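Have the structure open beside you as you read.

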Protein chains: 6
Amino acid sequence: MAILPHWLVLDDHLQAWLKEDIGRGDRTTQALGLSQVKGQAELESKQLGIIAGLPVFARIFNLLEPTAQIEYLLKDGDRCQPGEIIARVVASMETLLLGERVALNLLMRLSGIASLTYTYAELIADLPAQLVDTRKTTPGLRLLEKYATQVGGAVNHRLGLDDAVMIKDNHIQAAGGIAAALEKIRSEIPFTQKIEVEAETLGQVQAALAAGADIIMLDNMPPERMNQAVEIIRHQRPAVTIEASGNITQETIRTVALTGVDYISTSATITRSAWLDCSFNLLAEVS
Amino acid sequence: MAILPHWLVLDDHLQAWLKEDIGRGDRTTQALGLSQVKGQAELESKQLGIIAGLPVFARIFNLLEPTAQIEYLLKDGDRCQPGEIIARVVASMETLLLGERVALNLLMRLSGIASLTYTYAELIADLPAQLVDTRKTTPGLRLLEKYATQVGGAVNHRLGLDDAVMIKDNHIQAAGGIAAALEKIRSEIPFTQKIEVEAETLGQVQAALAAGADIIMLDNMPPERMNQAVEIIRHQRPAVTIEASGNITQETIRTVALTGVDYISTSATITRSAWLDCSFNLLAEVS
Amino acid sequence: MAILPHWLVLDDHLQAWLKEDIGRGDRTTQALGLSQVKGQAELESKQLGIIAGLPVFARIFNLLEPTAQIEYLLKDGDRCQPGEIIARVVASMETLLLGERVALNLLMRLSGIASLTYTYAELIADLPAQLVDTRKTTPGLRLLEKYATQVGGAVNHRLGLDDAVMIKDNHIQAAGGIAAALEKIRSEIPFTQKIEVEAETLGQVQAALAAGADIIMLDNMPPERMNQAVEIIRHQRPAVTIEASGNITQETIRTVALTGVDYISTSATITRSAWLDCSFNLLAEVS
Amino acid sequence: MAILPHWLVLDDHLQAWLKEDIGRGDRTTQALGLSQVKGQAELESKQLGIIAGLPVFARIFNLLEPTAQIEYLLKDGDRCQPGEIIARVVASMETLLLGERVALNLLMRLSGIASLTYTYAELIADLPAQLVDTRKTTPGLRLLEKYATQVGGAVNHRLGLDDAVMIKDNHIQAAGGIAAALEKIRSEIPFTQKIEVEAETLGQVQAALAAGADIIMLDNMPPERMNQAVEIIRHQRPAVTIEASGNITQETIRTVALTGVDYISTSATITRSAWLDCSFNLLAEVS
Amino acid sequence: MAILPHWLVLDDHLQAWLKEDIGRGDRTTQALGLSQVKGQAELESKQLGIIAGLPVFARIFNLLEPTAQIEYLLKDGDRCQPGEIIARVVASMETLLLGERVALNLLMRLSGIASLTYTYAELIADLPAQLVDTRKTTPGLRLLEKYATQVGGAVNHRLGLDDAVMIKDNHIQAAGGIAAALEKIRSEIPFTQKIEVEAETLGQVQAALAAGADIIMLDNMPPERMNQAVEIIRHQRPAVTIEASGNITQETIRTVALTGVDYISTSATITRSAWLDCSFNLLAEVS
Amino acid sequence: MAILPHWLVLDDHLQAWLKEDIGRGDRTTQALGLSQVKGQAELESKQLGIIAGLPVFARIFNLLEPTAQIEYLLKDGDRCQPGEIIARVVASMETLLLGERVALNLLMRLSGIASLTYTYAELIADLPAQLVDTRKTTPGLRLLEKYATQVGGAVNHRLGLDDAVMIKDNHIQAAGGIAAALEKIRSEIPFTQKIEVEAETLGQVQAALAAGADIIMLDNMPPERMNQAVEIIRHQRPAVTIEASGNITQETIRTVALTGVDYISTSATITRSAWLDCSFNLLAEVS
């Protein structure tokens, strides 16, 4: 299961996106008097993939016409085959034509992300390590794209700059060392938040451990060093969470997972995913 | 040259995207007192590609700190090499760390689009046909992604449902034929707008011509039929603009261009592009 | 038929206008406990004119009370007589009193525009030339006022700076001539947009023709020169659309139309129209 | 002197109005590279009238370009002659062309209102009665149009439903009489607010006096009855303010003023005013 | 009775406050699948006090779930006992848990204000003087906190800087005297607004009377001086409203009221009130 | 040090609060022509307390007048004495009078919270336990009120429903036990977030420990039971953070702290704090 925020949080975005496309109005559809003509449309997959975003897809039509009806043949997280019907929408032809582009753009983008995430996640599915995403998300779509990675099998990393602390080398340098950085930060953040520290060397790993980091991110470490780092951490403070990051590809991910880290983060599932091709077939009017 | 709208139009979006990432505040950076520490950062390309979005990248930092300074070593539309420095930013460390993620997410996304667009455009650069985009854009980024395709060498198709008329088969069916559809629509739209009609068969091409379409889109036509369509149109109404659409790939685009159409549209440059990988290297403090 | 954008586009404006009038609340009505008292009101015309804005008038009450009921005795575009009942509203007395002022202000303003537009349009109704509006509209009411001119019998000119190109003398001067201006602009705009060029002299008409303008606006030309211009254009490029503009009055419009231009634009139907006087008669409570 | 609210209150509106016109961007101007070309424009009156709205006119350009400079040759409230230069703007050509339409639309609308208000106000300038406006204002422009009536010589009536109480016949009927209505309302409103009661008959005037109204509006009374009403009020409660309303025209206003009322309200200065025609002449570049 | 503005005015605020608490989503509740589980909650008072804000409390849940049902056992203005059930809410468990904090924060804050206001108001309940509030309200809650003082038995003072005029010593000093200040201001404000003048000395009282103030505020006057001031005003202009202000406590308020002033203003009911403690008991699922 | 979010996050709120007070404009100040008159004001404390909110106080004036100057004599967190000058503002008289009320309302509210927080914090200042706040904050002021508790010496608890997980009895009941609840939730939240579990009995403490809670909140436990709970947790999983909650008063807080818990949470510092009384003395014009 993956979790979308309440519509109270999302609706403003969905409406803004509809307005972006509609602009000053869709006179083509309106001139033909299609607001009174009932229609039906099928959402069809053109590719193998993992579907993500159906509730958002449906919401677009309901924002235009509260009584629009959506029938789901698949649900988020399901695998779709080329040619498979994913959902059906019954609404006025005007609603179908007004909402089509935005609804599909969202669904295809999110399904593309879920599909690529799934590919990565499957490669380590039998291992304890879990795939996580990053903050490399399309501006404005943070919550939806992070939802899509969840659908694809990943766990979310922090959602913004404010819901967990990530201390990078620049912070460490500015503070004069890991211990100094953690001390300054810990008293200023909600005590309910975890602190993650980035480490590229074993020395930094030791410093992070000593300073009491909750999570240590092993950044761009070669496999051997990563093995050592995991061993050190597990030995000294087994409760610390270990994340591996940097140059994670479909070729390398399993090797990394085998080091015993808890989480493996990659932006690739978002930044390198293509949209999942779907079509929206408007059928004869509903009689 | 490609054209971004006035900041009056874009700033609301940029600010919303910063807030999406910042949430309730970046206490990590603030706790270290970095608002008074001046820093410098280099934007470095990690891949070969075409840069797009530098003015937006810079604006992000200026919204956070009006006196932040950006030095451009490349400009939008330039080709970048792996390892090449694209720009330098001088601002407070706090500004650099607060704006980094959003600025890079935008620049990498837009440059990825420009780069793939360029690849397509180059394939037909010696022919009169021009590449155009579609309305398959990431919700919320319509104007920026259409800017990126311009940077990459494409011409924009319509920007929304409202700035030109596109009559598709559903419209035609609902209106009872192309002629009927055009007649109903023409009197309702600004007379300054063009009407485009989608045609899959030669019969539809003839009907579109007869009904006075300004642009005819040859949709998913096999090359031979497309050749015939172009010939018919050029013969009967040479002022009509011809657009080819459907299954445009790097393999097929040149064949299509050779039919003599004016424009070739594809969503691939946006929906299939990966982000152009860049890094943002924070350097030692400016003294 | 004239076309209003989807409520998704208009509702934000309507709500803002209600809030402008309501401010911190209408305690007069509320103190009397009128939210539970059902009432009925008649919208009555006090003048001869053309009604425009009834859907917006009704929407105001529905935004305040979703179950408010509006019965239409006339529809937009109909001619109303003094004393004629246009519509009836059944809602709580609170809703009627809260919405009255904004609903009437809109309806009277729009009907005034439609009425004056109708007067102009009738003068050339038997000729091919059509009346068009301009961008001289009340800030914030662009879409509604352009709707009203449609209701009155005009065709819309462009809706904003972005949905068609209008090249004026300042642009031409800045670019170094019409041809140079068109060349620079054509590659930067969506290929789906038309380019209109303003011409005051026959030389400018020739230059606009040569440069490939889609529409030529004959600006402030005396009738004889306008006749010549139309002749030149029709002879050289019959597909070009011709617009006449400048000093269009009820006295001159027919002469201009007889020159054979396609469109005649005037801001007078908006800038010189008075509101159509209407009253809103609250009747005894509905039992 | 007339008073505009702080820009903090107005700027959101001005920006929204600019965006209404700019839409997705003014590519015509931008394609010609006019952001770097400095220009100058003259605001010229084409008619005799009273100028209103110059600070708003100027603000439009400053929102687009903070360093745009406006030189005023006249100020709000001044009488302008046909052909007279009102102000000069120095800014980039892009700013001048982007802001021109919205700035002029506002200035011409507001000056039209001020001019007609002035005509009415002059007719009673030697008498104690003062002209006041109503809530019949263009939705969204309440504050600006009420500013324009002030510029023209009127005093403002209440600004919305919330800053004073106006008890009309419907309220009275619903409450079961004037006394009952005032009693219910008085305890619910801020004690700093005045209560105005509408009266059409002398009986209603007496009831309003007895109930303690602060202001009595004599609505649609024939002159003789109005004389009697004024006499009754002045005799019984001289501190009560008297407003006359209904069918106020340039022909009747002086007669009404001679009855001795304090204020005469009419919506005509707003609902029947035409825009004051002005032109915006772009001059050669500033060297 | 106290009056809340129409939901059209309040809903934006309520939604913003829900979003403030929900942020990027309440995954705790959502992960447990509680959107489909119906629940019931009791709002229970833990203290003696006066309830205020029940309609707002209920609206919070209805914004999250339009069909949420609220049963009122008490209504605003009622006195509640410790342990008394005030209302019951039936909705999905998700809605109850999402809305709980915001709904309670509002109700407890407003009830705290109403309770303290009631305490003050009761001390002078048998005297003609009435308690009024001030503009010392929590930013963003002006309308709701002023509603709460009404519920507690106070009358509202002006709602903002714009719905009545308050002339303080700084204004008087800047204008060069009370008379000069009133003259300048009176012509610039809506004639429907009252003017209040602050006076600390009997000389200022005399000047305010002479200048025609509608309301005179006796600011920080010792009782004897206040008695004299009241006598002077009542004698010279009995229609003038008198407000006493400054150092109003539960100990002093009755003495002040006995001077015969009309209104006594204090910010204490808002600035010194503690929240009324309530609990929100979620009960077993509704079967 | 306490941390305010970037102005990019706060400015929208500050502007909305100014507009709440200004409404349709402050004509009193404007009529006197005070925008050109420079003034100076002193912010003076009338009570002993801890100052909080000075940057926000200053920002209010700078939003009205960017060049307004604020001189700080104290800074946030400093103790102020009655009669002590805290800061001076130099700006136009109009700015001072427009911003005064909102600036003071914020400063007095936040300083009241900081002062009461300080009182609580001092009682346990020599012990390791730290004071924390809750989500009982005034709607709209969450970030500022949590800032004020920081200034007063507290550490923040979670900032909203989304930046940490708090599992309460309702969640546990709905999920069928603590272990089941944690298992369902853990896979759905960002792995960077901590999970806190509420426990009222020692059995619940054991269950929370077994299920792997990061933080255990001992809710409403009598001291003896709390001692046992602390002992159990420290013995079994020393890395677990312990929070005590429920009925924390100035009388009980030290006893609770002595049990050895890490954090003690109370809403009292916000819900029971009175505003710190301050005055804003406008001085003679700056020459």
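## Copies, sheets and helix pairs

Chain F is superposed on chain E by a rotation of 180 degrees with 0.0 Å of shift along its axis, at an RMSD of 0.0 Å. That is the relation of a two-fold axis. Superposition here means least squares on the C-alpha atoms of residues with pLDDT of at least 70 in both copies. The two chains meet through the same surface, because 100% of the interface residues of chain F are also interface residues in chain E. Contact is taken as heavy atoms within 4.5 Å.

A word on the ground rules: this is a predicted model, in which local features need pLDDT of at least 70 and side-chain atom pairs count only at pLDDT 80 or more, while totals for chains, interfaces and linings use all residues. Residues are numbered from 1 along each chain as its sequence is written, chains are lettered from A and ligands numbered from 1 in the order in which they are written, and side-chain values use heavy atoms, with hydrogens and water left out.

### The sheets

Now to the strands. In chain E, six of them form an open parallel sheet in the order β6-β11-β10-β9-β8-β7. Its edge strands are β6 (130-132) and β7 (165-167) of chain E, each pairing on one side only. On average, neighbouring strands of this sheet are turned by 25 degrees against each other, direction ignored. Helices (H or I, at least four residues) and strands (E, at least two) are DSSP runs numbered from the N terminus, and two strands pair if DSSP finds at least two bridges between them.

Inside the chain E sheet, β9 (residues 215-219) and β10 (residues 241-245) of chain E run parallel over five bridges. Which residue is the bridge partner of Leu218(E) in β10(E)? It is Ala244(E). Helix α7 (residues 178-186) of chain E lies across β7 and β8 (195-199) of chain E, at about 160 degrees to β8(E). Such angles run from 0 to 180 degrees between N-to-C directions, with axes fitted as lines to C-alpha atoms, for helices over the stretch in contact.

Chain C has an open sheet of six strands in the order β6-β11-β10-β9-β8-β7, with parallel pairing. At its edges stand β6 (130-132) and β7 (165-167) of chain C, each with a single partner strand, so one side of each is left without a neighbour in the sheet. Five bridges join β9 (residues 215-219) to β10 (residues 241-245) of chain C, and Asp219(C) stands opposite Ser245(C) in β10(C).

### Helix pairs

| Pair | Angle | Axis distance |
|---|---|---|
| α1(C) (residues 7-22) and α3(C) (residues 54-64) | about 70 degrees | 10 Å apart |
| α7(A) (residues 178-186) and α8(A) (residues 202-211) | roughly 35 degrees | within 9 Å |
| α4(F) (residues 93-123) and α5(F) (residues 142-152) | roughly 40 degrees | within 7 Å |

α1(C) and α3(C) are roughly perpendicular to each other, whereas α4(F) is oblique to α5(F). Angles under 35 degrees count as roughly parallel, over 145 as roughly antiparallel, 65 to 115 as roughly perpendicular and the rest as oblique.

The crossing of α1(C) and α3(C) is right-handed; a crossing gets that name if the near helix is turned clockwise from the far one by less than a right angle, and is left-handed if anticlockwise. Among the residues that meet are Trp7(C), Leu14(C) and Leu18(C) in α1(C), and Pro55(C), Ile60(C) and Leu63(C) in α3(C). The residues of this contact divide into nine nonpolar, one polar and two charged. Ala, Val, Leu, Ile, Met, Phe, Trp, Tyr, Cys and Pro count as nonpolar, Asp, Glu, Lys and Arg as charged, and the others, Gly among them, as polar.

In chain A, α7(A) passes α8(A) in a right-handed crossing. Ile178(A), Ala179(A), Leu182(A) and Arg186(A) of α7(A) make the contact with Gln204(A), Ala207(A), Ala208(A) and Ala211(A) of α8(A).
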